[in-house]
Amino acid sequence: MSRVYNFSAGPAVLPEEVLREAADEMMDYRGTGMSVMEMSHRSKPFEQIITEAEQDLRDLMGIPDNYKVLFLQGGASQQFAMIPMNLMKNRVADYIVTGQWAKKAAKEAEKYGKVNRIASSEDKTFSYIPDCSDLPVSEDADYVYICENNTIYGTKFKKLPDTKGKTLVADVSSCFLSEPVDVEKYGVIYGGVQKNIGPAGVVIVIIREDLITEDVLPGTPTMLTYKTHADAKSLYNTPPAYGIYICGKVFKWLKAQGGLAVMKERNEKKAKLLYDFLDQSSLFKGTVVPEDRSLMNVPFVTGDADLDAKFVKEAAEAGLVNLKGHRSVGGMRASIYNAMPYEGVEALVAFMKKFEEENR
Ligand SMILES: *Cc1c(COP(=O)(O)O)cnc(C)c1O
C-alpha cells in the first residue's frame, strides 16, 4: 500500500486512523455481523452512531442548546436554495460576494426574492476580503450571507462582517472545524463535509432554533424545509448513513487531537511554512493579499502557464498530487486541511525549492 500526499480541494484527505478504523469495521461493525452501509438507519447501532456524532460535534464547536444540528444531503449547493426558501420572510437578503460559491448562492437566492450584493471583491479576481465593518445592510434584509473561506481563491474572513443586527448565514464548507468558532455570532453555519470532515454526500447545518419555522416560502418541498429534519432529528428519511458514520469518527479523531484550538495551531503552523516559502521565492508567488490568506487553501502561480503545468505534473510523479489550481483561476492550489500532516507540507515546500533551482 502506498499513500500519496493529497492536496485536493475536495473530496479531500481524511485522517489515516479514521480510514483504518473504518476498514477494520467494514465486514462486521462491532459484533453486528454487517457493515454500517448495510444496516437500518432506525437500528440501535446506527442510532448510537448519529447521536454520538451530534454530541461530539456539539462538544468540539461548543454549540449552544438553542441550535439544532442537521445532517442533510444535496451538498452545500442545495443550501443555496434551502436558505432563502426557509429564511426569506421579507423576500430580501444581502450577499457578500467573495468568490464563485457566494456568487452562485446569490444567483440562486434571486429565484426567491430580492438580493442585494452589499460588497464584492470581484474587481480584483476575489484576491481579498472587502472591508465589512460598515456595510449598507438593507433595513428589511432577512439575513446577511457570506462564504467564510473561499476554497477556490484562498481567502478567509478573519473578522466577521458587522451585520447590524441581521442574521448571519455562513457557508463554512472549506474551513469547517479548522479552528474554534463562536457559534452564537451566526444564525446558520453550514458546509459540505467533503472538504474538511468526511466523505461527499453529507452537509451539516447548524441553525438557531428560532429560524426553524413552518413559515417557509410557498411551494417549498417537505425535504427542503429545515423543520422537517429538525423535528425528525435528521431521520425523516434515510440519511447518508455511512457518511455520517465516517464524520463521527473524524469528530472523535479531532477530540483526541485536542480539539479545535489545537487544530488551529497546527493549521497555522502548516500554512506559515508554505506562505513563508512563497513570500521569499523567486519563482512562485501567492495570489492573495497577506492579511486575508486562508489557512486551508493556498493558491500560487509561477506566472508561466507551461511552467505551472510542468510543476503539477512533476509534483504528482513525486507523490504530491492534486495541486492543479481551480479551472477558473489556473496555476496551483494546495489544500492543506486538518488531515494533511505537517510532513506533507514540508515535502511540498522541499519539492518547490528543488523545482525552483532546476527551472531558473
Ligand atoms: C465545494 C464547495 C461548495 C459546493 O459543495 P457541493 O457539496 O459540491 O455542493 C460550496 N461552497 C464552498 C465554500 C465549497 O468549498
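**Exercises on a predicted model**

Arginine 293 touches Gly154, Lys156, Lys158, Tyr275, Asp279 and Val288, not counting residues up to four places away in sequence; contact means heavy atoms within 4.5 Å. This is a predicted model, in which local features need pLDDT of at least 70 and side-chain atom pairs count only at pLDDT 80 or more, while totals for chains, interfaces and linings use all residues. Residues are numbered from 1 along each chain as its sequence is written, and side-chain values use heavy atoms, with hydrogens and water left out.

**Exercise 1.** Determine whether arginine 293 is buried or exposed.

*Solution.* Step one: locate arginine 293 in the loop between β11 (285-286) and β12 (297-301). Strands are DSSP runs of E, at least two residues, and helices runs of H or I, at least four, numbered from the N terminus. Step two: apply the cut-offs, with buried under 20% relative accessible area, exposed over 50% and partly exposed in between (1.4 Å probe, protein chains only). Arginine 293 has 11% relative accessibility and therefore counts as buried.

**Exercise 2.** Classify lysine 164 by accessibility.

*Solution.* Step one: find lysine 164 in the loop between β7 (155-156) and β8 (168-171). Step two: read its relative accessible area, 42%, so lysine 164 is partly exposed. Step three: note its positive phi of about 55 degrees, although lysine 164 is not a glycine. Most residues other than glycine have a negative phi.

**Exercise 3.** Identify the residue that a cis peptide bond joins to glycine 10.

*Solution.* Step one: the partner is proline 11, with omega of about -10 degrees. Step two: proline 11 sits in the loop between β1 (5-6) and α1 (16-24).
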